[in-house]
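I opened my notebook for a walk through one structure.

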Amino acid sequence: MNIQQMNKAELTQLIAQNAENPDPEILAEARRLCDSVYGKQVFMRGLIEFTNYCKNNCYYCGIRAANGNVHRYRLTKEDILTCCDIGYNLGFRTYVLQGGEDPYFTDDIMCDIVSDIRRIYPDCAITLSLGERSKESYQRLYNAGANRYLLRHETATDEHYSLLHPENLLLSNRKQCLRDLKEIGFQTGAGFMVGSPGQTYEMLAEDLLFLKDLQPEMVGIGPFIPHADTPFREEAQGSLNLTLLMVALTRLMLPTALLPATTALGSIDPSGREQGLKAGANVVMPNLSPLNVRKDYSLYDNKICTGDEAAECRMCIQRRIQSSGFELSTGRGDHIGNP
Ligand code: SAH
């Protein structure tokens, strides 16, 4: 099966045929391909959820601006550096700073934080996930020492994008941001939710074709999970099997990609992340956020690991990786094309 050569109709059919009961051979082939590139190594990223303020109103997201039930928080630079210190001692060599689109974190403030982390931890990769910014802003963050940027495209179909977002948010802008990030030199992560409201198999095929075109270094894929305080509260969550299929097909499309077994995947099934690894994922992102803010970074309901200290998450994930036959890597885990 050469999925890189398939057109949209062929991909759509392949997804439809395997959506409910994926052919185990597809998942196994994806895993073998991952083994041939990265071996059994699983790379670990320490996730620091540093603000849950957000100016946007994405219909799926629990920290959307219009949700008045969120207890909002912002970590200080000192808080963030403490997370990094704890993470470093636990063996993390990549920090992921993720947050809502919080206008408080201007370029000056963000660059100050990034350059301090860069100075104190010269051997660590810094990944940012701050949403849409201008190319100038991305360039400043890169110059300050950030290496990677995660910005899921969410869906590669315009009509679907506008079903998931208010009209001030445009897929064209999202895609432009992704191209800007790549041009600047960031290892760039795109990605999408599986089973989000209104999504069809054809749209998932479109997501794969978009990835083929963009060639991102990372792709985050997780099931959509409803949040009670959003317009999508009554919608069904995405399925485990379809998410695993999309992880596997993404691996087959982008053999060298870094693909996380996401927290959302672990939240819909106790062995979701392990199954993700077996379908071709090779990254995990345990939480380094301070315990007292964990529950407030609630993008969706029933998120796992909101009550565990960083050290517990670190050890739990290691056990899970090893008992599924993989090895936890202590390296930065850069994309193999960008050493
Ligand atoms: N503000 C940043 C970070 C967003 S949160 C940005 O815009 O990129 C990271 C990801 O969580 C989002 O890209 C989205 O794909 C996912 N997410 C948000 N709400 C979700 C939900 N209800 N279910 C599953 N995933 C969700």
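Entry 1, strand β3. I looked up which way the side chains point. Thr94, Val96 and Gln98 point one way from β3, Tyr95, Leu97 and Gly99 point the other way, and all are buried. I noted the cut-offs: buried means under 20% relative accessible area, exposed over 50%, and partly exposed in between, with a 1.4 Å probe and protein chains only. In a regular strand the side chains alternate between the two faces of the sheet. β3 covers residues 94-99, and six of its six residues are buried. Strands here are DSSP runs (E, at least two residues), helices are H or I runs of at least four, and both are numbered from the N terminus.

I am working on a predicted model, where local features need pLDDT of at least 70, side-chain atom pairs count only at pLDDT 80 or more, and totals for chains, interfaces and linings use all residues. Residues are numbered from 1 along each chain as its sequence is written, and side-chain values use heavy atoms, with hydrogens and water left out.

I checked the pairing (DSSP must find at least two bridges between two strands). Strand β2 (residues 46-51) runs parallel to β3, joined by five bridges. Leu47 stands opposite Val96. Strand β4 (residues 125-129) also pairs with β3 in the parallel sense, over five bridges. There, Thr127 is the bridge partner of Val96.

Which residues come nearest to the ligand? I found Tyr60, Gly99, Arg152, Glu154 and Ile225, out of 17 residues around it. Near means that a heavy atom lies within 4 Å. I then looked for polar contacts (N or O pairs within 3.5 Å). A side-chain N or O atom of Glu154 is 2.5 Å from a ligand oxygen. The ligand alone exposes 560 Å², and the protein buries 91% of that. These areas come from the Shrake-Rupley method with a 1.4 Å probe. Arg152 puts a polar side-chain atom 2.9 Å from a ligand oxygen. Tyr60 uses a backbone N or O atom, 2.9 Å from a ligand nitrogen.

I looked up Thr243, which sits in helix α9 (residues 240-253). Is Thr243 buried or exposed? Thr243 is buried, because its relative accessible area is 0%.

Technical notes. Polar contact = N/O pair within 3.5 Å; in protein donor to acceptor, adjacent residues only side chain to side chain.
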